[in-house]
Amino acid sequence: MLKISLGKLTDLFDAIAEKEALYIPADKAGVAQFTRYENGLKMSDALNTNRSAKDFFFPQIENLVDFKVNGKNIEIIDPRTEQEDFVVFGVRGCDARSFSVLDKVFLANPVDSYYANRREHGTIVSMACTRPAETCFCGSFGIDASDPEGDVTCWKTEDALYLRANTEKGEALIEKVKPLLEESDDAAVEAQKAATKEILGKLPLRSFTTEKFGGDVMMQAFNSDKWNSLSESCLGCGTCTFVCPTCQCYDIRDFNTGNGIQRFRCWDSCMYSDFTQMAGGQPRLTQKERFRQRFMHKLVYFPANNNGEYGCVGCGRCLSKCPISMNIVKVAKTLEGEL
Amino acid sequence: MQRIGVFVCWCGSNIAATVDVQAVSDALAKEPGVVYSTNYQYMCSEAGQNMIKNAIKEYNLTGVVVCSCSPRMHEATFRKTVAAAGLNPYMLEVANIREQCSWIHKDKEAGTEKAIVLGRTAIAKVQLNAPLQAGESPVVKRALVIGGGIAGIQTALDIAEAGFDVDIVEKNPTIGGKMTQIDKTFPTLDCAACILTPKMVDCAQNEKIHIYSYSEVESVKGFVGNFTVSIKKKARYVDENKCTGCGECTTKCPMKNVPNEFNLGMDNRRAIYIPFAQAVPKVATIDPNYCNMLKNGKCGLCAKVCGAGAIDYKQQDQIVEEKYGAIVVATGYNPIKLDKFDEFGYSLSKDVITSLEFERLTNAAGPTSGTLLRPSDGKHPHTIVFVQCVGSRDTSGCGKPYCSKICCMYTAKHAMLTREKYPDTDVYVFYIDVRSPGKNYDEFYRRAVEQYGVHYIKGMVGKVAPRADGKIMVQASDLLADEQLHIEADLVVLAAAIEPDKSARPLATMLTASMDTNDFFTEAHAKLRPVESPTAGIFLSGACQGPKDIPDTVSQASAAAAKVIGLLVKDKLTTNPCVAQSNEMMCNGCSSCERVCPYGAITYVDKEFRMPDRTTRVRRVASVNPAVCQGCGACTVACPSGAMDLKGFSNSQIMAEVDAICQMK
Amino acid sequence: MPNEVKAFKPKIVAFCCNWCSYAGADLAGTNRLTYPADVKIIRVPCSCRVNPMFILRAFQRGADGVILCGCHPGDCHYTSGNYYARRRMTLLFSMLDYLGIEKERTRVEWVSAAEGAKFAATMNDFVATVTALGENKRLEDLRCKE
Amino acid sequence: MQGMMISRAKELLQDGTVNRVLGWQAGEFVYDITPAVFESAEELDAGFVYNAFCGSNLSKYLIKETIKEGKILVFLKPCDTYSFNQLLTEHRIDRDKIYVIGIPCQGKTSGEMLKAKGISGITGIKEDGDNVIVETIYGNETFARADVLEERCRTCKSKKHVVYDELMGEEGEVLDSGRFDMVAKLEAMTPDERFAFWRSQLSKCIRCNACRNVCPACSCEKCVFDNPNSGISQKAAADSFEENMFHIIRAFHVAGRCTDCGECSRVCPQNIPLHLLNRKFIKDINELYGEYQAGEEAGSRAPLVNYTTGDVEPSIVYHREGK
């Protein structure tokens, strides 16, 4: 185990930022968000960022291809430039797990080269939680918030930051900043882990489980009439989708710049009435169907296609951000009685 | 994708001198959608137009852009050209490269560059043009005239003369209006009644004219060519068809002390009355405010004396609905109330009167049978002071800011007639300016001064104070002599400003016709369309549009009639195709568009829609009447969902123009 | 001289009412009153046809200034259109200012069909104002400026 | 109050006045209240709640609800009644199918405010006079109620119900609680400061459309931003221009119609003070065209579909006080 005193944290950040782009959670205009590190940027004390860390690999908007129009001729241009290496520091256990969910979508054949390229160049430095919120339920998905996954795992104690490399990429990063770090035993880390585990055991959602949805329940769940009342108050906004670390739907659109076309993709939400517009219109005609789609996807369809892995990591963002406080926990709890 | 032809005009050297027309047509040839691009000396010439026609055929053009002078100049010309070649005339756009380019730029490079941008902008627009068809709407061949004064009468007679049915709605029991109260008319001094009453009788006898007397307009729906109007016939408690106008009832009615409005309250009439001897229709009316039978159920004398059995105490207001192709507003004017003008003592002395009251005092059918007597003691006045501009040209807020126009002339008339009939009378006229333009008007005024010895004094009266001995002290300044005057007068006559009738404002709302701040109706164009309201199918006659004397009123009345006739002879109206259109699928039914529409062209209908989940739902959606819409586009911006768009100037067309102008190149 | 820094030429979009200011612009042309070629006119039936969306669109696409010309209050061809335009534009401009966007980049002027000289003077003044402000940065869309 | 509301709702269901009740349903925690429709006494007993976290403005749900059969009972807080009237003005809801009970509101507690004060792991909340005691797995904390109210409640415009069929509690009054102070503060800044402020705020926007979808004034059948034919449809803001445009157009579309219910700011997951845009328009309208409160009176003519011949010229923007 390696450690660095908190007083030298800035040196660590500076050292990383010197070699590659570094992003850390920082408070900006009242909310915690991953921000490109520049000397002096202070790390946020918030439990988690408002937006998840998926943005780094699956940004909200990205150009896929440019068409340059010249009179009656069109030139096709790949807008991608060399991707720089980057480090995302301070990813929580839930978000750290979300990448493996996203990988199952974007790295499955056919591989999404835009996503793969970013994954390749990104190093994840995760941070153990010590003060989880009542909305946290990552434990329901087997995530250990006190010892999160990632290329490097960190623990922040009163006086020091402890680091452990988990992967080759992690080793490489540690190697680059080795002179700043000192060897240490893991007593402080073990103590923190034990304390955090005790708190996790007290969380209101500690016993929440989605187990019932893993079996052969697709039609039963789909046909439940509980969807009517559950979806009744849904506004059809995209808040849950856009703060979710595992939602991966997107739309591809063309923007006419006046001199050409930029073909870009951007996040889309299955909750939107104009989601998946096609020649025949949107296949899910009512908000109930759209609402059902999102939760069926996370709880039933995704595990059915991915060896039982759910499309949720229990980060709790939707619990605190949904304008009408409808969320996956309420949905799962209401439906499980039906199964 | 359109197949667009571009035609760049040299306009001789007007364009070609500062714009490289060859460069423009070459550059525009490269634009997407352009299949043909050329330039020529005079596109508007027959040869130029033939080039366009031939190219449309040869290259199967679906859209045409002409880069030339202002579309205000030749858009119509080129529309006809493309239509002649079989293209929809609205598939044409004109790029203004003369007035807005070659004529204002001296630098040929800059001018050429701008001309290319303007051409590209027109191309971008025409890409999104859609063929438009002018609509048609039928015309109901009947006109309504609101107001039965001399304006309304003249308009109705002229329309009827052309063979169209016309109805007059008059709120009083008789038609005739203000002119019936006037004694003589300037500048000829012929008797008002002698020239008016034959016209009133003509109206009554004309088969094409129907008079709704003692009636008011309740509501107006519809649009040019097709109005539906509800008219309220107020109960007069006398059967119009039975009453012979013998007048027996009006002499027997015991309620003798009803102020007679015809004589402005200077004498009395009965509760059942005929306003004056030549009233049309000559039918009695019961005044429900005074009739004892109607108020208390006692009396019934008139019914007893009526030989025709025309009295009907149970009569009710009646609503009649009629359809009209055109509506003429002729609601006229009234003198303003003078209670705000304490300095003139109108409410302090009976011998301070208005000019209209003076008319009645000199009229043979008036309260004094035409002998000029003071209202207070019935004596001959020996000194009379006329005060002009009472409440006119008044920016203090008490009166009206405008000139009432008629006062100078009728005051000259009053002064002259007084001096002629009563040469021993001293007559003073106080004026700010004497305004006497008009045929024989200035001569008339000069006669009053020079031949009749009327004392015209430039200056305003400061104070009019009645004295206990019956004399009225008039304090005034003579601006020319620069001295204060004190005149002991027997009678003071105030030339009160005139204002539109109070019924005009609610009527304007019903008609969606606009008014100015003084409640005069606004004309469609102050110079070129002076007898039309901006609202199609609504015409203006007489003083409702602005102060007017009788000759002007009659001129405008006939002009309005001519415009109405011009409308009614058409079987169908073609409508401007560049009108608003509501996309019902996106309309929220919120009424924002309806509220900003100056023409009342938008109505709401409940329609059944198939919803995405295959249920049906009734929704309130906007519907634009293309015959009424004038295409301003106010609704398109008021509409938050973008459901309302304007044909020919659509959101996407305008944005395409913006894009083309801003494009980097 | 390819290396010379090009003087800033603003892009100006002018929305003109067909009945007054468009005719006023024609009159300016007829009288050969010059104003910079940077001004490009879009003809609209009435100032009330101009949607705030169009104005933002112009800035997005690279305009440096947008001016709306309509009939003088009281003279609207459609009786009331310019009154609505007046309220809409007042509020829109105030909002742009509130967001810190240079208020001088937007303007409303009432120009009648007879005021060719006023049209030219207005455009000269507006172009000078916008030129002094420089390029529109605060409401630009870089995608349209490549 | 909750008990009174439930028993009155039961009566109205019982006597057939209404066939369902629009209210709030308790959630997992004390604060995650969801708007819900209740159809029976049992459902009301099981889940109906009215507490300091029932912030949702229920009026917009009536658009959907009044399409259905039968009459619905709705509980409206004072500020919700303004939205209700505005929806009536715009013919979006059917008054005949609604029974309105006005309920008092002492201001709603903000979960976001608690979070900003470092609160986490909430297990319960108790009210104690003017204080709020927050129970968490990390211990209890006490706050003055006024300090943890929603922003819109700290600057509450009115405790008066402008429409109801029945009122529970006292008739309230229109308040003057300085709701334009922050707008005035921004106006007093330099344009550069304002630009920096709004860039930092609007750049947070994730275009989730929560503000739009919750807004009672944004009730379009199809929003221009969802309509590919509008030319401005977006699913994500590609750059600062699109961030600005969305919020300018949205504020403009509701200008004169926005009742200042504050739902937009309450629901924004990124805590953007969106109400400051709407309030700017309201403040301008009040100052330039005379006081106007949208929704105060059903059927009133909104300032942007109205005019006077003497209105100020747009150039007033250049001459106004401030920098």
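Colleague: How many residues of chain B are in contact with chain C?
Modeller: In this predicted model, 38 residues of chain B are in contact with 35 residues of chain C, where contact is counted if the C-beta atoms of two residues, placed from the backbone, lie within 7 Å. Residues are numbered from 1 along each chain as its sequence is written, and chains are lettered from A in the order in which they are written. Local features need pLDDT of at least 70 and side-chain atom pairs count only at pLDDT 80 or more, while totals for chains, interfaces and linings use all residues.

Colleague: What about the contact of chain C with chain A, how many residues does each give?
Modeller: Chain C gives four residues and chain A gives five; by class, the chain C side has one nonpolar, no polar and three charged residues.

Colleague: Switching to chain C itself, in what order do its elements run?
Modeller: Chain C has four helices and four strands, which run β-α-β-α-β-α-β-α from the N terminus on.

Colleague: Why is chain C called as compact as a globular protein of its length?
Modeller: Because its radius of gyration, taken over C-alpha atoms, is 15 Å, close to the 15 Å that the globule rule gives for 146 residues, the rule being 2.2 Å times the number of residues to the power 0.38. Buried residues make up 72% of the 146 residues in chain C, a residue being buried if 20 or more other C-beta atoms lie within 10 Å of its own, exposed if 12 or fewer, and partly exposed in between.

Colleague: Is C:Ala7 buried or exposed?
Modeller: C:Ala7 counts as exposed, because it has 6 C-beta neighbours inside 10 Å, and its place is in the segment before β1 (12-17) of chain C. The C-alpha atoms of C:Ala7 and C:Thr131 are separated by 9.8 Å, although these residues are 124 apart along the chain.

Terms used: Nonpolar A, V, L, I, M, F, W, Y, C, P; charged D, E, K, R; others polar. Helix = DSSP H or I, 4+ residues; strand = E, 2+ residues; numbered from the N terminus.
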